[in-house]
Each structure stands twice: as C-alpha cells, then as structure tokens.
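I opened my notebook to record what I looked up in this structure. My entries follow in the order I made them.

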Amino acid sequence: MQRNTGHCTNVPRNVNMESLRNGYLFPEISLRELEHIQKYPDSELIRLGIGDTTNPIPDIITSAMAEYARALSTVRGYRGYGAEQGNKELRQAIAETFYEDTGVKGGEIFVSDGAQSDISRLQLLFGSNVTMAVQNPSFPAYIDTSVIVGQAGEFQEETGKYRNIVYMNCLPENNFFPDLSTMPRTDIIFFCSPNNPTGSAASRLQLEQLVAYAKAKGSIIVYDSAYSVFITDGSPKSIFEIPGAREVAIEVSSFSKFAGFTGVRLGWTVVPKELLYSTGFPVIKDYNRLVCTSFNGASSISQAGGLACLSPEGYTALNAVVDYYKDNAKMICDALASVGLKVYGGRNAPYVWVHFPGLKSWDVFAEILEKAHVITVPGRGFGPGGEEFIRISTFGHRESIAEASRRLKSLFIHN
Ligand code: PLP
C-alpha cells in the first residue's frame with residue numbers, strides 16, 4: 001500500500017477503492033514503454049497497445065464544431081446549458097442511424113460524454129446490492145466500476161477473480177460465447193460485442209440465446225456496442241435487433257472509435273421504456289433522474305460534431321476511416337497467420353487477439369517489446385481468461401502497421 005508521510009486528514013479511505021487490484025492496465029504498460037525508451041532511445045517504437053484512434057477527423061465534422069464554438073462568442077449564437085439528456089435533434093439522428101427498425105426512439109437515448117462514463121453511471125444506478133456477470137476476458141471498466149460501487153466482494157489471489165462476480169468464459173474453445181446453461185444467475189450481465197479484447201462479435205443466434213436467458217432469469221443485460229461499426233460479417237450491430245431485447249437490455253455506445261472522438265468525448269445510452277425493475281418501476285425514469293442529478297449533459301460543441309457525423313457526408317467520410325482501420329486489421333492478421341500463429345478478431349473489430357498456448361501474456365508482451373519494439377497489450381490485463389493471449393490494436397497509420405507486421409512476422413518466423 002502506498003503511504004505518504006505528510007499531513008493526514010481524518011477521512012477514511014473508501015474500502016471499495018482499497019479492493020481495486022492491479023491499478024489500471026494502461027498505466028502499467030506506459031511504465032514499461034518508458035523503461036524501454038530509456039533502454040533503447042533510438043528504437044522506433046510502434047504503439048499498438050491502447051486502442052486509441054489515430055486518423056484525423058474528417059473536416060466536415062471539425063468545421064461544424066468550430067462553427068458552433070465560434071458562434072458562442074456572439075450574442076445570437078451563445079448557448080448555455082442544454083437538455084441533460086442531449087440535443088433532441090442528435091438523439092433523433094442516433095435513433096435513425098443506428099436503430100432503424102428496432103423500435104428505439106430518440107426519447108430513449110441519453111447522450112453522454114462517452115461510454116466509459118455511462119458504464120459508471122449505470123453502476124451508480126444499480127448500486128451495491130446487485131450481482132453481476134462479465135465476459136472473461138473483458139474491457140476492465142465493467143469489473144473496476146463494480147468493485148468501486150461495492151458489488152464485487154473480495155479479490156481472490158488464487159483465481160484472479162472477485163468473489164461475487166460471475167466470469168463468463170469467452171474463449172476460442174466456446175466460440176467466444178459463454179455456456180449459459182451452467183451459468184449462475186446474476187442481476188446484471190455486462191456483454192460487449194464486438195468484444196474488446198477478443199474482437200469477436202456475437203452472432204444473431206447467440207444474442208437470441210442471451211436475450212432469452214435474461215428474460216428467463218429476470219436479469220438486465222448491459223450491452224456495449226462501442227465497436228459495432230466494425231462488424232463486417234452480418235452479426236447484429238445492436239442488441240435491440242433481437243426481438244424481446246427491449247424488456248431486458250440497456251445499450252451503451254460511443255462516437256469514440258466510430259468517429260475518432262476519443263478526445264472530443266461523445267457517447268450514448270439507450271434505456272427502453274419497457275425495461276422495468278422487479279417492482280414494475282421503469283428503469284428509464286431512474287436513469288433520467290440520475291443523469292439530471294449527476295451529469296447535466298454532454299458538451300454542446302461535441303454534440304454539434306456528433307450531428308455532423310450523422311449527416312450523409314459526415315457518415316460517408318467516417319466509414320472511409322473505419323474501412324482504413326479494417327484494412328490495417330487484415331494486414332496484421334495475414335502477417336501473423338502466415339507464420340502459423342492462431343489469430344482471432346480483426347474481422348469485426350479493430351483488435352487482433354493472438355493465442356500463445358502455454359505462455360504467460362506479460363512474457364509475450366515483454367518479448368515483443370524487447371525484440372520487435374512494438375507495444376501490445378497482455379491479455380491478462382483483461383481478466384484471467386486472457387492469460388495466453390496478447391491484443392494488438394490496429395488503429396494506426398498504414399506505414400506503422402506495415403512495419404509492425406514485418407517486425408512481428410520476422411520475430412515469430414524464427415521462434
Ligand atoms: N467500451 C469499450 C468496450 C471500450 O473498449 C471503450 C474504450 O476503449 C469504451 C467503452 C470507452 O468508450 P468512450 O471513449 O466512449 O468512453
């Protein structure tokens with residue numbers, strides 16, 4: 001435990017914060033990166049670790065934000081607080097662009113400053129008395145926020161798991177979809193598709209099973225579709241494509257990966273009117289209350305950008321950027337497969353998930369860094385199910401991706 005020797009207040013540390021393990025994955029990777037640069041100052045390091053977008057945002061979108069921002073300096077154009085739930089026009093545009101034929105209405109969409117904040121807000125909404133299940137491996141925010149609100153129970157060193165969380169193994173041997181027949185019931189089921197880190201998208205049949213399971217068990221699915229625009233194989237892009245989902249699911253999503261808004265910040269959450277608590281009380285009413293109390297709405301400048309993203313020109317320009325990243329993913333997958341590695345993902349997501357049977361992911365990470373000067377992410381950082389894997393992000397400029405493909409290929413051809 002870290003201790004400071006200066007003045008201490010009499011405020012106790014939140015015990016839930018004390019229960020958090022391993023810090024956050026990416027700061028640890030940054031530390032390793034720093035050490036590597038100090039050791040090899042001339043190595044041309046390629047960063048395919050943190051899944052941050054790299055390509056410029058199309059001009060039509062930044063111009064809309066600039067114009068909106070400039071107008072704030074005029075008497076006519078000045079605007080203060082907006083609706084807490086988001087700009088009505090943007091909510092409508094999100095419904096029309098991403099939820100055609102699903103029954104989702106603009107009034108059920110809450111615009112936000114990103115999916116990660118929405119995950120925290122949802123945990124605040126559910127509170128500490130619910131149980132939760134999560135894919136193993138998964139994006140760390142679901143588990144960490146569960147720990148912070150006090151749902152998780154103690155951390156068990158032997159298993160690397162929290163006592164009260166149900167870990168749904170999603171590995172190559174079960175086609176990245178959990179065995180629902182043996183799964184203990186939980187109140188909340190976090191499910192991300194396409195999944196970060198495995199890059200695997202659940203099929204329609206699998207999602208039908210998940211919705212039927214949630215309905216039978218009286219659970220709520222929190223579905224994260226932050227990578228849905230990368231889906232190329234016809235898998236559903238929203239849980240609301242599945243009949244019955246409106247009674248059992250919430251969806252969080254984001255402009256981050258689709259529009260390069262990781263720094264601009266914009267996302268949304270869909271809470272259908274039919275979703276009810278055990279008392280019959282509508283979840284949407286509580287979520288609305290929570291958003292009004294703890295948030296106050298997304299930046300109006302970001303929302304102006306969001307509207308431009310969903311204009312016909314903006315949407316076409318963004319899809320070209322997404323296609324560019326998809327070509328990157330194919331290049332990396334082809335390079336690794338050509339040297340006999342078992343490669344997953346890449347087709348429906350900007351992440352390639354590579355299997356190194358019998359090896360520890362931090363060791364593979366360290367070897368790739370040492371010998372190829374490429375930053376990846378050790379799968380273990382996404383949960384015990386990631387132990388023998390590494391994740392490679394395919395966000396990057398083409399020359400870096402091509403160079404990383406060459407280096408990785410030559411590293412593993414000799415192994
Ligand atoms: N959900 C998943 C699965 C992610 O991988 C990420 C970011 O990497 C987020 C949510 C966070 O999205 P945002 O930038 O909108 O907070």
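**Entry: the seven-stranded sheet**

I began with an open sheet of seven strands, in the order S2-S10-S9-S8-S7-S3-S6, with mixed pairing. Strands S2 (109-112) and S6 (165-169) each have a single partner strand, so one side of each is left without a neighbour in the sheet. I noted the terms: helices (H or I, at least four residues) and strands (E, at least two) are DSSP runs, numbered from the N terminus. Two strands pair if DSSP finds at least two bridges between them.

This is a predicted model, in which local features need pLDDT of at least 70, side-chain atom pairs count only at pLDDT 80 or more, and totals for chains, interfaces and linings use all residues. Residues are numbered from 1 along each chain as its sequence is written.

S2 and strand S10 (residues 267-270) run antiparallel and are joined by four bridges. Phe 110 has Thr 269 in S10 as its bridge partner. Helix H4 packs on this sheet and touches S2 and S10; its direction makes about 115° with that of S2. Contact here means that the C-beta atoms of two residues, placed from the backbone, lie within 7 Å.

**Entry: H4 against H10**

Which helix did I pair with H4 (residues 88-98)? I took H10 (residues 300-309). Two packed helices are described by the angle between their axes and the distance between the axes. For H4 and H10 the angle is about 35°, and the axes are 10 Å apart. The crossing of H4 and H10 is left-handed. A crossing is left-handed if the near helix is turned anticlockwise from the far one by less than a right angle, and right-handed if clockwise.

I listed the residues that meet. H4 brings Glu 89, Leu 90 and Ala 93; H10 brings Gln 303, Gly 306 and Leu 307. By class, this contact has three nonpolar, two polar and one charged residues. In this count Ala, Val, Leu, Ile, Met, Phe, Trp, Tyr, Cys and Pro are nonpolar, Asp, Glu, Lys and Arg are charged, and the others, Gly among them, are polar.

**Entry: two domains**

I looked up how the chain is divided. Domain 1 covers 17-56 + 314-413, and domain 2 covers 60-310. Such bounds come from an automatic or database domain assignment. The C-alpha centres of the two domains lie 25 Å apart.

How many residues of domain 1 touch domain 2? I found 37 residues of domain 1 in contact with 42 residues of domain 2. On the domain 1 side, helix H1 (15-19), helix H11 (312-338), strand S11 (342-345) and strand S12 (351-355) each supply at least two residues. H11 gives the largest share, seven residues. By class, that side has 18 nonpolar, 14 polar and five charged residues.

**Entry: the four-stranded sheet**

I moved to an open sheet of four strands, in the order S11-S12-S15-S14, with antiparallel pairing. Its edge strands are S11 and S14 (377-378), and each pairs on one side only. S12 is joined to strand S15 (residues 389-393) by five bridges, and these two run antiparallel. Val 354 has Ile 390 in S15 as its bridge partner. H11 packs on this sheet, touching S11, S12 and S15, and its direction makes about 15° with that of S12.

S11 and S12 pair in the antiparallel sense over four bridges. Lys 342 stands opposite His 355 in S12. The two strands form a hairpin with five residues between them, and Gly 346 in the turn has a positive phi of about 80°.

**Entry: the ligand shell**

Which residues come nearest to the ligand? Of the 13 residues around the ligand, they are Gly 114, Ala 115, Gln 116, Ser 254 and Ser 256. A residue counts as near if its C-beta atom, placed from the backbone, lies within 6 Å. By class, the shell has four nonpolar, eight polar and one charged residues.

I found a cis peptide bond from Ser 193 to Pro 194, with omega near -10°. Another cis bond joins Asn 196 and Pro 197, with omega about 25°. Pro 194 sits in the loop between strand S7 (188-192) and helix H7 (204-217). Pro 197 is in the loop between S7 and H7.

Last, I checked Asn 175. Its phi is near 55°, a positive value in a residue other than glycine. Asn 175 lies in the loop between S6 and S7.

Notes
Axes fitted to C-alpha atoms, helices over the stretch in contact; angles between N-to-C directions.
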